[in-house]
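This report describes selected local features of one protein model. Please look at the sequence and structure below before reading on.

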Amino acid sequence: MTYNPSPSDALERLLRYVQVDTQSDSHNEAQTPSTACQHDLARMLAGELLELGCSDAKADEHAYVTATLPASAGAEGLPALGLIAHIDTAMDAPASGVKPHIVRYEGGPLVSGIVDGGPVQTTPEQVPGLAQLVGQDIVVTDGTTLLGADDKAGVAEIMALVARLVANPELAHPALKVAFVPDEEIGHGASLLDLGAFGAEWAYTVDGESLGEFNYECFSASQATVRAHGVAVHPGMAKDVMVNAITVLREFDDLLPANERPEHTEGYEGFFHPIEVGGTALDASCTYIIRDFDAERFSAREQLMQDAAAFLNRRHGEGTVTVEIREQYRNMAEHLRGLDFLRDNAFAAMEACGMDARAVPVRGGTDGAQLTFRGLPCPNLPTGGYNFHGVREFIPVRSLEAMVDVLEGIVARFAVPQA
């Protein structure tokens, strides 16, 4: 059943924002933003922040949006707090022409839409928490695209908070530094955010999933490009001469632990994940992402890639295989020690809103990981969404609105000096 309840501010914003195509493109990562369409949402958000009274709001040439909401009375001398979300959406599913709609969930499968005569649906077995959402209004796609609540829900929640604080100046908060950034989904994230100009002492990204989850641990991450160079001869005369680059890549993959793939791991377990492959018998390449929480295990994974290449070069000839490793981000927990108030303030605000607050290691990365290592401590808060990066993505309206209340509670706790 689809219907149209009266939207809250956060809901109205989400429904508008997700209809702006902002899908990033990993094949154009040398340019920021990687897709020109991200400028469309950046300009929209900067304009809305100016209308709310953030006089320094702007969208720059790289689609970074920044703005300041001045502190409430009595909190002017306190350190500024940052709130950050990303405007791009993932490449894992179509993202153009998003058609959000709202269903009242009555139990059983949650049907987003009908595609090619069949339902696109989420079952309680796929999302065990679905049973707790019976009777709620839920924002879904039409089943042909992702929704984009990752991370436009975070954007909408931050924007709704700013609007609430402007409308209610008695609500306590320090100066708030808002940033909306491009290209998080392709590992670029907030790398061009000028932290000195931004001016926050601490920050939170709003880019997680289920309510109550707090992320201060994440994977350390690298991307590895493995290239194989073959020796081409006529296949009829190939014995003991030909080196097939495609076969060599297969041998390389076989040297990595088969049980250490994303489909076989969970919790704190790391993995090797081939994400793109191509080429010919003469030259072929495969791109991997490498992930682990533990610094020593992460380093060992990178070394194993190099060791596998060295082994194959001894077998097939020097230079047959090369491995280029590019670090993407690191586990933010390494730099958040001693800043327990970031967790405690978030837990207190979530619990005050009736949530079961808990620390959950995020099996991925956030802009906060990169920012933390650059000197801006930045753990991650939930948005309330589910099934990110796919056509079954959804977010309960109640969760969207509850996170605005959580953000209000968090910023109030920073309106006093921190230990």
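The crossing of helices H7 and H9 is right-handed, a crossing being left-handed if the near helix is turned anticlockwise from the far one by less than a right angle, and right-handed if clockwise. Helix H7 covers residues 340–352 and helix H9 residues 397–413; their axes are 8 Å apart and meet at an angle of about 135°. Axes are lines fitted to C-alpha atoms, for helices over the stretch in contact, and angles run from 0 to 180 degrees between N-to-C directions. H7 is therefore oblique to H9, since angles under 35 degrees count as roughly parallel, over 145 as roughly antiparallel, 65 to 115 as roughly perpendicular and the rest as oblique. On the H7 side the contact (heavy atoms within 4.5 Å) is made by Asn345, Ala346, Ala348, Ala349, Met350 and Ala352, and on the H9 side by Val406, Gly409, Ile410 and Arg413. Seven residues of this contact are nonpolar, two are polar and one is charged. Here Ala, Val, Leu, Ile, Met, Phe, Trp, Tyr, Cys and Pro count as nonpolar, Asp, Glu, Lys and Arg as charged, and the others, Gly among them, as polar.

The model is predicted: local features need pLDDT of at least 70 and side-chain atom pairs count only at pLDDT 80 or more, while totals for chains, interfaces and linings use all residues. Residues are numbered from 1 along each chain as its sequence is written, and side-chain values use heavy atoms, with hydrogens and water left out. Helices (H or I, at least four residues) and strands (E, at least two) are DSSP runs, numbered from the N terminus.

H9 also lies across strands E7 and E17, running at about 65° to E17. These two strands belong to an open sheet of three strands, in the order E4-E7-E17, with antiparallel pairing. Two strands pair if DSSP finds at least two bridges between them. Strands E4 (101–104) and E17 (394–396) are the edges; each has a single partner strand, so one side of each has no neighbour in the sheet. On average, neighbouring strands of this sheet are turned by 30° against each other, direction ignored. E4 is joined to E7 (residues 137–140) by four bridges, and the two run antiparallel. In this pair, histidine 101 stands opposite valine 140 of E7.

Some backbone angles also deserve a note.

| Cis peptide bond | Omega |
|---|---|
| Threonine 32 to proline 33 | about 0° |
| Aspartate 150 to aspartate 151 | about 10° |

Proline 33 lies in the loop between helix H1 (9–17) and helix H2 (38–51), whereas aspartate 151 is in helix H3 (residues 149–167).

Aspartate 116, though not a glycine, has a positive phi of about 55°. It sits in the loop between strand E5 (110–115) and strand E6 (118–122). Aspartate 183 is not a glycine either, and its phi is positive at about 60°; its place is the loop between strand E8 (176–181) and helix H4 (195–198).

Which of these is buried or exposed? Aspartate 116 is exposed, with a relative accessible area of 83%, and aspartate 183 counts as buried at 0% relative accessibility. Buried means under 20% relative accessible area, exposed over 50%, and partly exposed in between (1.4 Å probe, protein chains only).

Threonine 225, in strand E11 (residues 220–229), is buried with a relative accessible area of 14%. Leaving out residues up to four places away in sequence, threonine 225 touches Cys286, Thr287, Thr322, Val323 and Glu324.
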